[in-house]
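Please go through the model shown below with this briefing alongside. The points are grouped by topic and are meant to be followed on the structure itself.

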Amino acid sequence: MTERPILEVRDLRKWFPLGSSLFSRHRQQVKAVDGISFSMRRGEILSLVGESGSGKTTVGRTVLRLTAPTSGSITFDGQDITRLSRRQLRPLRRRMQLVFQDPFASLNPRMTVERIVSTPLIIHDEPGGIAARRAKVEAALQLVGLLPHHATRYPHELSGGQRQRVGIARALILRPDFLVADEPVSALDVSIQAQVVNLLLELKDLLGLTILFVAHDLAVVGHISDRIAVMYLGRLVEVAETRVLFARPRHPYTEALLSAAPIPDPTVERQRIILAGDIPSPIDPPPGCAFSTRCRYATEACRAAVPPLREVAPGHLSACIRDDIALQAPRHGALTAPSKETCRCRLRSTGYRVTIACPRPSTSSSSAPASSASAPPTNW
Amino acid sequence: MTAAPVLQVEDLSVRFRTRGGEIAAVSGVSFAVRPGETLAVVGESGSGKSVTSLALMRLLPPGAAVTVTGRVGLRGKDGRMLDVLTLPEPEMRGVRGDAIAMVFQEPMTSLNPVKPVGEQIAEAIRLHRGLDRRAATEEVVRLLDLVGIPAPRQRLASYPHHLSGGMRQRVMIAMALSCEPAVLIADEPTTALDVTIQAQILDLLRRLQERTGMAVVFITHNLGVVAEIADRVMVMYGGRVVEQADVRPLFARPLMPYTVGLLRSVPRLDLAGRRAGPLPAIPGNVPDPLHMPEGCGFHPRCGDHVAGLCDARLPELESAGEARLVRCVRWRELTP
């Protein structure tokens, strides 16, 4: 573990100024990324998860230096790249590449696959003539499971999955060691998603890639990542190894996120934490813990100061001050566990859907939970 | 389960004439939905699930390029069965939004961007329920409150771009529910939303359904959502129904190899972080509607296909036990 991390991000901030009107004195800032730190070891897949607006895509773009950070530092393989100029970045670009979400919008419809995939070679003045370039394109296509004859096709002649493979071939043709994959499977059909996930995992092993995987689908993230970093409103709220995070989340937001993921099994008894409302505005985040406005465990202390991300177990970081609460892991929640919302479930024995209103965790009253079942009534 | 269906679809087919040739977008689809029941329609792009829903609403563009055949029976508010496909357009306009309503995938493109949301919802209410402006406004406030929009009265004057994705979808649902439809068609209503908001919307739909007893046709590709919301499931592939069953038997013992493959290819949350080898993916691609394979549409991607059998002719959609249908010539030998 003493190996130098391939990527080290310290206190990264990326604020976007809002367009100021003629009359406004103060320029408001969208704090898309507001002070996050993490590092990645070589060959690792780290996933950034969070709702839209959490800043996960901005992190991906900023560590690639596609946008300049507002403050903080980014160190890539020992070299500080935070303030490098375009020209200085150029040699590094070939080592860090991006796979886009939308395989329809990210490929030029007027270029053949061969031209799309070979463009990075031209940009980086890769030595060798047309024949060498063609051979490299063919090798890259083969790598991602496409056939040589696909080189002459145009994007519209390909399916969504094939297009995403072209996007991956383009990202890999310069043999980078670091890849940012921004929602690479979420625009694909279900039966194709698994193919692309498998491909990314295979390529990672084959080429020794390090992948920063930006996604919101927890099932995919759970399968592909070594570690997961959960973002909320521009900050990291929890970082842990995948297995640990799923088995024992330590931040209430992670708990809610995991419980919201639909499980493809109608017999599972769910205990869902339904978060009220939306993610707050990153222009004017709530004071203290940004999640406190939607958190069922929030106290006055939570709103007083921004809780720091701290180690709660070896390698497990969480930004929650409430150490006294026991959070539930997905699927393991018992029906009697406290919940602000109603619990919905199906009875395993009968298949009836039951709604149970549970008392809030803070209320100490011993009133029996009110229950109502869909007809025919059960004797709850 | 003895209640008569509110929506009965028989042998529905939709064909498009395109420059490349004729496309059979939907072929011989039959199903029925009863009051209070949720039917999930599962399929990938090109499976015909969205075209089916548009045909039910009679929202496919009229003209010679589109041919719709079959029968769609819808129980009107007065209790009699309407023949949706032959209804004259003026009458259909009275049914659409009233007896049958629809929620679309992308609320941003389905709401009018230059009209306040309050007015947009009131429009349907005034049209179908004949309320005056003031009464309609009160009704809109009630509906917005019902779908969980905070401070509904203040939201009346908001434009769609003022609202978040989840809020917009709630507005769409409020609009769809405004006339208490007997059938709600929800076409991927949560696909564009975050999981936390998806959970809110699914919960909302379930509660509203319990309250109003409406039937829901829920179109989705997300099997997790299916497991959560459906009573019955219809799996479509290449414009055809390939399997139909109650939700529990379908997940417990899928019969059609495509359904089996779909269920296996979804990563399991309980195995997260275990890296239990590659996901069992379905090979190949979704078929091109202009070049549908001969025989069973799924056979080129099917690990169990037998040459000379599966590619010879289209398998029948046959009964496979109580309330179960499957389209596979080999299902008996393939399922234990």
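In this predicted model, Gly130(B), which comes just after helix H4 of chain B, takes a positive phi of about 65 degrees.

**Helix H4 of chain B**

- H4(B) runs over residues 117–129, and its 13 residues reach 18 Å from the first C-alpha to the last, which is close to the 18 Å expected at 1.5 Å a residue.
- The buried residues of H4(B) are Val117(B), Gly118(B), Ile121(B), Ala122(B), Ala124(B), Ile125(B) and His128(B).
- These residues lie on the same side of H4(B), because they cover an arc of only 155 degrees around the axis.

**Strand S10 of chain A and its partners**

- Strand S10(A), residues 235–241, is mostly covered, with 6 of its 7 residues buried.
- Strand S9(A), residues 227–232, runs antiparallel to S10(A) and is joined to it by 6 bridges, and within this pairing Tyr232(A) stands opposite Arg235(A).
- S9(A) and S10(A) form a hairpin that leaves 2 residues between the strands, and in the turn Leu233(A) has a positive phi of about 50 degrees.
- S10(A) is also joined by 2 bridges to strand S12(A), residues 316–318, again in an antiparallel arrangement, and here Val239(A) of S10(A) has Leu317(A) opposite it.

**Positive phi at two aspartates**

- Asp77(A) is not a glycine, yet it has a positive phi of about 50 degrees, and its place is in the loop between strands S4 (71–76) and S5 (79–80) of chain A.
- Is Asp77(A) buried, partly exposed or exposed? Asp77(A) counts as partly exposed, because 17 other C-beta atoms lie within 10 Å, whereas a buried residue would need 20 or more.
- Asp11(B) likewise has a positive phi of about 50 degrees without being a glycine, but the residue lies in a strand, S1 of chain B (residues 7–18).
- Asp11(B) is classed as exposed, because 11 other C-beta atoms lie within 10 Å and the class takes in residues with 12 or fewer.

**Chain A as a whole**

- Chain A contains 10 helices and 15 strands, and of its 380 residues 44% count as buried.
- Of the contacts in chain A between residues at least 6 apart in sequence, 63% join residues that are at least 24 apart.

**Where chain A meets chain B**

- Between the two chains, 42 residues of chain A are in contact with 39 residues of chain B.
- On the side of chain A that touches chain B, the elements giving two or more residues are the helices H5 (160–172), H6 (190–207), H7 (218–224), H8 (242–247) and H9 (252–260) of chain A.
- Which element gives the largest share of this side of chain A? H6(A) does, with 7 residues.
- Sorted by class, the side of chain A that touches chain B is made up of 19 nonpolar, 14 polar and 9 charged residues.

Definitions and conventions
Residues numbered from 1 in each chain as written. Chains lettered and ligands numbered in written order. Predicted model: local features only at pLDDT ≥ 70, side-chain atom pairs only at ≥ 80, totals over all residues. Helix = DSSP H or I, 4+ residues; strand = E, 2+ residues; numbered from the N terminus. Expected span 1.5 Å × (residues − 1). Arc of directions from axis to C-beta. Pairing = 2+ DSSP bridges. Contact = placed C-beta atoms within 7 Å. Nonpolar A, V, L, I, M, F, W, Y, C, P; charged D, E, K, R; others polar.
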